[in-house]
Amino acid sequence: MIASLFHYYNYWMFIGLMMIGFYAMMAKRNLIKKIIGMNIFQSAIILFFISTSVKGKGASVPILRDAHETHEAATLNIMQYTNPLPHVLMLTAIVVMVATLGVALAVAILIHRRYGTLDENEISLRR
Amino acid sequence: MPAENAVLIIVIPLISAFLVPLIGRWKRHFSYFCTIGALATVSLISTSTLLKTIKEGNIGYHMGGWAPPFGIELAIDPLNAMMLVLVSVISLLVAVYSYRSVDQELSDRMVYFYTLYLLQVTGFAGILITGDLFNLYVFLEIASLSGYALIAVGENGAPLACFRYIIMGTIGASFYLLGVGYIYMVTGSLNMADVHQLLPALYDSKVIAAALAFILTGLGIKMALFPLHIWLPDAYTKAPSASSALIAPLMTKISLYVMIRVLFYVFDISILENLFPISRMMVWAGFAAICGGAIMAMAQTDFKRMLCYILVAEVGYIVGGLGLANAVAFKGAILHMVNDAMMTAGLFTVAGIIMYKIRHRDLSDFKGLFQTMPLTMCAFVACALSIIGIPPTCGFFSKWYLIQGGILAMQWPFVGALIASSLINVFLFFRIMEMGYSFRPSHKRPMAINTTETGINEAPMSMVIPTLGIAASVILMGLYNQVIVNRIIAFAVPMG
Amino acid sequence: MKPLYLITTVIVGALLIYGTLDMPRWGDPHSPASTHVSPYYLQHSLVHTATPNVVTAVLADYRGFDTLGETTVIFTAGMACILLLRRRRKG
C-alpha cells in the first residue's frame, strides 16, 4: 500500500483534482461555477496526461541537444528526453478545452440576456 | 478511383466551411448553394468510396505519408463507408430542405448557420473515417461544438437546454479522452489497428477495464443511452428545425458507430465476455432504454419531444442488438442504425415543415393536415410506418433481424420490449394519423395564408421534395434491404 | 440531489484510481507509453523533419492531421460565438 502510494501518488493527486471539477460541474447551481468546474476537470486531465510522459530523473524536455551537428539515430540516448507524444496530444486538447470554454461562455451570455441571471434556481423561477 | 479521394470526404466540407462566410458576405443566399454543392460532391465521393471498398477491400490512407502507428491513418471499410454515405446523403437532403426554415428562424445569421452546418458534417465525417483514437476525439469535439451552437440558437429556452448539453457532452468527451489516455498508458499506441493487436496480452489489466468503462460511459452520454439521456429531449426539441433534423438522427448514430468501432474492432468482445458479462449488461441497458423511451414518449404532447423519446428508445434497440452477440442481431443492429437515421431524419423534417407552416407542433396541430398538406403527410406516413415496423418500409426488416437475434440468444425480456415498444409506436402514430384524417383543420392558428380552393396549403417545394426523398429512401432501403445486408453489412460482422 | 452527485463523484474517482493500480509506476522509463511509439519520434524526427524540437515535429508533421482538427476547433468556436451572440441590427 505504501509502495503503491509512492508510485502512484502523482496520478491520484490529479484524479483528486479532476473529481473537484467533476463535482462542481454537476452540483453547483451557478452556471459560471459549472464552467469553472469544467475547466478544472479538463485541466486536471491535461496534467494527468503530461505527467505520464515523465521518464525518471535523467530525462529532460524533448528538444534534441547538439541538433545542428551530425546526429546519428544510433548515438541518441532516448532516456535523455521525455516522451513527446503526450505533450503533442495535450497541446491539441488544450485548444479544444479553450474552444469549449468559449462556446460555454457564449451560451451563458445568451442565458443571461434572456433571464437576467445565471443562477439555476432563479432561472427555473423566471420561466 | 485513387485512395487519395477518401480524404476529400473531410477536406471538401472543411474548405467550404472556410469559404462560406466569405461568399456569404457578398451574396447571403450563395452560402446555401455553396453548402449544397459541397455536400453533393461529398455524397458522390463517399458513394464511390463505398463501391470501391466493396469491390477492392479496405482502404488505408496515411495522412502526410507517415506509416500508421506513428502517423494518423484513415481507415475505411464497408461499415464506415456505408455510414459516410448515410451521413452525406442525409446532410445533403436536410441542407436542401433547410433554406426556408433557416430563412424564417434565423434570417440574419444564415451564413454562420451554414458554416457551422458544414463543420458539423466535417466532424461527423472525421469521426467515421479516422483510424486513430485521439484523432477521433478531436473530430468528436468539432462535431459537438458545432452541434452546441446549432442547438443554442433555437427558440426560447434553447440556450439553457444547450448549456446542460454542453456540461453533459463535455463530461462525455472527457471520459472518452481519459479512457484513451488509459489505453495509451499500457499500450503506448493510439492507432486502432495497432491497439487491437497489442491488447490481447493486457485484458486482465485493471487499466483496460477502467478504460473501457470510461469510453463506454462517455459514448453513452453522447448517444443518449437511457439513464444518461436527460440532456437530449430538451436540447433537440428546442433546437431550430433544420439543426434538429441534421443532428438528432446523426449524432446518436455516430456515437453508436464509435461504440461499435471500440467494442468490436479495438477491443475484442469475445475476450471481454470472459472477464465480465458485458453483452448481458448491454442487453439490459437496451431493455431499459426501450422501456424508458417508449413510456416517456406516450406522455408527450409536443410532437418533436415525442420523437426525441422515440430516438432514446431506438438507441436502446441498437445497443441491445449489439449485446445479443450473434451475427443475426449484429446485422440487425447495424441495419437499424442506418434505417433509424433515415426515418428519424424524415420525421424531424416533417416536424420542421409543420413548425414552418403552423408555428406550432403539438399533436393537436395535426388536425386536418392530410387535407391541407397531403405530400408532407405522405412522407410522414412512410416514416411513421417504418418506425412502427410495417413492411415494406425499412424499419420492419431491421426489427425482424433484431427479434430473430433476440430469440436465438433467448433474451426474452429484450424481445418482449421490442414488440411492446412497436405496439406503443402504433398507438403513438395512429393517434396522429387519425387526427390528421378525421378532424377539420383548426383555423385558430395563423395558417390560412394562401389556401387554394381545394384547401391544399402545402409547404414550399424546397422543403417538401427532400422530405419526400427521405420517405422514398425509407421504402427503397426496405425493398433492397437484402442488398444492403449481404453486400455491405455482412463484411462488418465480426462473429461468424 | 447533492448526495447523489457526491456518490457519483466518489464512484468515478474510485474507478479512476482502481484503473491506475495496474499502470506502470510514475516516471518509469520502460513503460509501454515510453517504449512503443515515442522512441521512433525521438530517433527519427531530426532526419525526417530537420526539427530539433521533437514536440514540434510530431505536432506539425507526424500528427499534423490532429493539428488541422485543432485549428478547425478554434474556427468552429469562433463561428459558434458569432452565430450565438450576433444581435439583430436595429432598424
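Visitor: Which residue follows helix 14 of chain B, with a positive phi near 70 degrees?

Guide: This is a predicted model: local features need pLDDT of at least 70, side-chain atom pairs count only at pLDDT 80 or more, and totals for chains, interfaces and linings use all residues. Residues are numbered from 1 along each chain as its sequence is written, chains are lettered from A and ligands numbered from 1 in the order in which they are written, and side-chain values use heavy atoms, leaving out hydrogens and water. Helices (H or I, at least four residues) and strands (E, at least two) are DSSP runs, numbered from the N terminus. After helix 14 of chain B, the residue with the positive phi is B:Arg359.

Visitor: How far apart are the end C-alpha atoms of helix 14 of chain B?

Guide: Helix 14 covers residues 327–358 of chain B, 32 residues in total. The expected span is 1.5 Å times one less than the number of residues. That predicts 46 Å, and the separation of the end C-alpha atoms agrees, at 46 Å.

Visitor: How many of the 32 residues of helix 14 of chain B are buried?

Guide: Buried means under 20% relative accessible area, exposed over 50%, partly exposed in between (1.4 Å probe, protein chains only). Helix 14 of chain B is largely enclosed by the rest of the structure, because its buried residues number 30.

Visitor: Where does A:Ile109 lie, buried or exposed or partly exposed?

Guide: A:Ile109 belongs to helix 3 of chain A, residues 84–115. Its relative accessibility is 40%, so the class is partly exposed.

Visitor: In strand 2 of chain B, which residue is the bridge partner of B:Tyr61?

Guide: Two strands pair if DSSP finds at least two bridges between them. Strand 1 (residues 59–62) and strand 2 (residues 73–76) of chain B run antiparallel, joined by four bridges. B:Ile59 and B:Tyr61 form the covered face of strand 1, while B:Gly60 and B:His62 form the uncovered one. The partner of B:Tyr61 is B:Leu74.

Visitor: Which three residues of chain B lose the most area to chain A?

Guide: Contact means heavy atoms within 4.5 Å, and 31 residues of chain B meet 37 of chain A that way. The buried area (accessible area, 1.4 Å probe, that two parts lose on being put together, summed over both) is about 2900 Å², with 80% from carbon and sulfur atoms. Three residues give 21% of what the side of chain B buries: B:Leu160, B:Phe163 and B:Tyr184.

Visitor: Which side chain of chain A meets B:Arg164 in a salt bridge?

Guide: A salt bridge is a side-chain nitrogen of Lys or Arg within 4 Å of a carboxyl oxygen of Asp or Glu. The rule finds one across the interface of chain B and chain A. At 3.6 Å, N to O, the partner of B:Arg164 is A:Glu120.

Visitor: How many residue pairs are in polar contact between chain A and chain C?

Guide: Here the contact takes 48 residues from chain A and 46 from chain C, and the salt bridge count is zero. A polar contact is a pair of N or O atoms within 3.5 Å; within protein, one must be able to donate a hydrogen and the other to accept it, and residues adjacent in sequence count only if both atoms are side-chain atoms. With both residues at pLDDT 80 or more, the pairs number nine.

Visitor: Which helix gives the largest share of the side of chain A that touches chain C?

Guide: Helix 1 (2–27), helix 2 (31–51) and helix 3 of chain A each supply at least two residues. The largest share, 17 residues, comes from helix 3.
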